[in-house]
Amino acid sequence: MVNSLFPRDKNDYIGMITSLVLISFVTINDLAKMYAQYVNGESTALESLAKFFTGFYLLANVLVNMLRAVKTDTTIHAIDLPRILLPGWRYCSACELNAPPRSFHCFSCNKCVLKRNNHCMFLGKCAGHRNYRFYIMFIVYVWLGTLFSVYINRDFYYDVMFNFQFRKFFIAFIPLFAILFQMIGIVEFFFVFANSICFILLFMLLFYMIVNMRLILNGQTWHENAKNVRAYNLSWFDNLKEVLGNNWSQAALNPFARLSLPSDGTSFKKNALYADETSSNKPLYQQFNAHQSLYTGEATTSVTRRADNVKNI
């Protein structure tokens with residue numbers, strides 16, 4: 001099981017280990033700060049408990065969503081695929097399988113991914129149809145965790161920004177150089193590094209989260225946005241449910257909520273401008289039956305025409 005959690009690609013492996021180490025650093029830093037605030041009388045026992053359980057809830061969401069994003073198989077190999085090439089589908093020569101619309105081959109995963117959005121090196125896996133909910137909620141709760149950490153350590157940031165000294169600013173935002181020049185010790189470096197990472201991630205993740213939410217509400221993946229594909233743009237609420245599922249309110253708050261997506265990953269609703277009954281709007285079994293009846297109908301018509309010709313002769 002452990003081997004299946006970690007990616008085989010070296011860059012992905014380093015990215016995942018880095019994310020786990022950073023999460024551990026920030027968690028230890030926040031626990032130490034909350035304990036210090038309680039011991040120094042800056043927080044009451046009730047306030048300290050409230051902070052602890054808030055932090056625990058955020059951390060649980062981060063780790064569980066991360067785990068489910070990694071463990072959920074969102075490739076075309078996880079479903080039964082037809083042997084005939086259906087309308088709107090394509091043949092992947094690398095996978096040697098018929099791939100449904102919106103799926104793309106990832107050369108890092110070496111598999112076609114259903115409704116592929118992007119490859120995340122910090123998870124070591126692609127974000128696609130079946131795990132995109134866990135991926136986006138992982139990002140959201142990491143951002144909320146950094147916001148919570150900045151609040152817990154607000155006196156650190158206040159001292160750096162409003163009691164400005166070049167030495168403090170240098171230590172706060174370039175701690176690696178500060179320890180090399182022996183301006184701080186190992187223990188101090190640990191706490192300064194965790195606070196610096198949180199402050200940087202707070203703005204980086206906010207921007208990335210806004211971009212992803214824009215794509216979700218427009219019913220697009222990164223590739224479709226680049227190609228200006230708007231066929232799958234429904235109402236903003238329906239677009240949201242395509243990612244979070246029909247139980248979207250539970251999915252947003254509870255990382256253990258079951259996955260209840262309206263689509264099977266091979267067919268997706270299209271808006272009125274692009275709706276086509278012969279395309280991939282229908283479920284897979286209906287597409288197959290329609291495709292099979294189409295050829296059956298053509299064969300029947302051909303036989304009838306030949307019989308008529310014989311009668312005329």
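The chain holds 12 helices and six strands, where helices (H or I, at least four residues) and strands (E, at least two) are DSSP runs numbered from the N terminus. This is a predicted model, in which local features need pLDDT of at least 70 and side-chain atom pairs count only at pLDDT 80 or more, while totals for chains, interfaces and linings use all residues. Residues are numbered from 1 along each chain as its sequence is written, and side-chain values use heavy atoms, with hydrogens and water left out.

Of the 313 residues in the chain, 41% are buried; buried means under 20% relative accessible area, exposed over 50%, and partly exposed in between, with a 1.4 Å probe and protein chains only. The chain exposes about 18100 Å², and carbon and sulfur atoms supply 64% of that area, computed by the Shrake-Rupley method with a 1.4 Å probe. Among contacts (heavy atoms within 4.5 Å) with a separation of 6 or more, 55% are between residues 24 or more positions apart.

Rolling a probe the size of a water molecule over the atoms shows where empty space is left. The largest pocket has a volume of about 880 Å³. A pocket here is an open set of points on a 1 Å grid over the protein atoms alone, where a 1.4 Å probe fits, with protein on both sides within 12 Å along at least five of seven lines; lining residues have an atom within 4 Å of a point. Grid points are joined across faces, edges and corners, and the volume is the space filled by probe spheres set on them.

This pocket is lined by 35 residues, of which Ile 23, Val 142, Thr 146, Leu 201 and Leu 205 are the closest to its centre. Two or more lining residues come from each of α2 (10-39), α3 (45-71), β5 (118-120), α4 (132-152) and α8 (186-217). Helix α2 gives the largest share, nine residues. By type, the lining has 26 nonpolar residues, eight polar and one charged; Ala, Val, Leu, Ile, Met, Phe, Trp, Tyr, Cys and Pro count as nonpolar, Asp, Glu, Lys and Arg as charged, and the others, Gly among them, as polar.

Thr 146 belongs to helix α4 and is buried, at 5% relative accessible area. Beyond its neighbours within four places in sequence, Thr 146 contacts Cys 198, Leu 201 and Leu 202.

Cys 198 lies in helix α8 and is buried, with a relative accessible area of 1%. Not counting residues up to four places away in sequence, Cys 198 touches Val 26, Thr 146, Ser 149, Val 150 and Tyr 157. Cys 198 and Gly 145 are 53 residues apart in sequence, with their C-alpha atoms 8.7 Å apart in space.
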